[in-house]
Amino acid sequence: MQRSVFGLAIAFVVAVVAGCGSTRTVTVTTTKATTVTTTVTTTATSTAELGPPAERIQFGHIVSLTRKGDHFEMRFDPAWFLSGETANSAAAEDGAIEAGQPVPNDNYVVEEGHRLLTYLVPDDAHVTVLTKDGDSAQLGATPITVSELAQIVQGNSSLELFEPLETGVWIRVNVDAVRTIDQQYQP
């Protein structure tokens with residue numbers, strides 16, 4: 001009897017571990033005259049999961065955005081958008097400013113390499129660019145479709161941007177799919 005209970009407990013633990021997501025299962029076993037197992041499922045509070053986070057935010061430049069079947073494919077050149085002392089140190093090391101001097105507008109972009117990454121972009125991804133007619137409280141933020149962004153990247157759009165798309169964008173990526181694209185304002 002104890003072996004079958006033990007076997008079932010092992011099978012249960014394996015099933016729980018295999019199905020882990022945003023919850024954590026804690027099993028407490030007490031031994032007296034009989035064995036009692038209590039399982040409590042709680043929301044995971046630790047971000048120290050194995051592997052990289054499923055969702056990432058990256059800064060960089062869109063090199064191409066083309067339709068591929070029911071979605072778009074984006075070729076993206078990542079860069080580092082730095083601020084504060086990190087920006088000052090990097091700019092001084094690159095020779096862009098004198099050591100001890102601040103970078104203009106407290107920002108500095110490091111173009112470490114130009115390896116292009118490929119991301120999938122669904123039609124319903126949220127896209128915001130900067131235009132003169134956009135929300136003035138958000139520096140001209142204007143929501144557009146992914147199709148319109150593709151036209152801008154290809155140079156086929158009549159939409160007039162406040163500043164060129166080359167200023168860079170922030171993308172929010174879930175695994176390999178871009179969920180949001182927001183143009184970065186650079187004074």
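## Overall layout

From the N terminus on, the elements follow the order α-β-β-β-β-α-β-β-β-β-α-β-β. That gives three helices and ten strands in the protein. The model is predicted.

Of the 187 residues, 29% are buried. The protein exposes about 12300 Å², and carbon and sulfur atoms supply 55% of that area. Now take the contacts between residues at least 6 apart in sequence: 52% of them join residues at least 24 apart.

## Helix α3

Which residues of α3 are buried? They are Val-146, Leu-149, Ala-150 and Ile-152. Look down the axis of α3: its buried residues fall within an arc of 160°, so they line one face of the helix.

What covers these buried residues? The cover includes the strands β3 (55-68), β4 and β6 (117-122). It also includes β7 (126-135), β8 (141-144) and β10. After α3 comes Gly-155. The phi of Gly-155 is positive, near 80°.

## Aromatic pairs

How many aromatic pairs does a search of the whole structure find? The search finds five. Two of them are described here, starting with Phe-81 and Trp-170. Their rings are 5.6 Å apart, centre to centre, with 70° between the planes. This pair is edge-to-face, because the angle is over 60 degrees.

Phe-81 and Trp-170 link distant parts of the chain. Phe-81 sits in strand β4 (residues 71-83), and Trp-170 sits in strand β9 (residues 169-174). The two are 89 residues apart. Are these residues buried or partly exposed? Phe-81 has 17% relative accessibility, so it counts as buried. Trp-170 has 27%, so it counts as partly exposed.

## A tilted pair

Phe-162 and Tyr-185 form another aromatic pair. Their ring centres are 6.2 Å apart, and the angle between the planes is 35°. Why is this pair called tilted? Planes under 30 degrees apart count as stacked and those over 60 as edge-to-face, so 35° falls in the remaining class.

This pair, too, links distant parts of the chain. Phe-162 lies in the loop between α3 (146-154) and β9. Tyr-185 lies in the segment after β10 (177-183). They are 23 residues apart. Phe-162 counts as partly exposed because its relative accessibility is 41%. Tyr-185, at 28%, also counts as partly exposed.

## An aromatic cluster

Which residues form one aromatic cluster? The cluster consists of Phe-59, Phe-81 and Trp-170. Within it, Phe-81 and Trp-170 are the edge-to-face pair described above.

Technical notes: Residues numbered from 1 in each chain as written. Predicted model: local features only at pLDDT ≥ 70, side-chain atom pairs only at ≥ 80, totals over all residues. Heavy atoms only, no water. Phe/Tyr/Trp six-rings, centres within 6.5 Å; stacked < 30°, edge-to-face > 60°. Helix = DSSP H or I, 4+ residues; strand = E, 2+ residues; numbered from the N terminus. Buried < 20%, exposed > 50% of the residue type's maximum accessible area, 1.4 Å probe, protein only. Contact = heavy atoms within 4.5 Å. Areas by Shrake-Rupley, 256 points an atom, 1.4 Å probe, with all protein chains shown as cover. Arc of directions from axis to C-beta.
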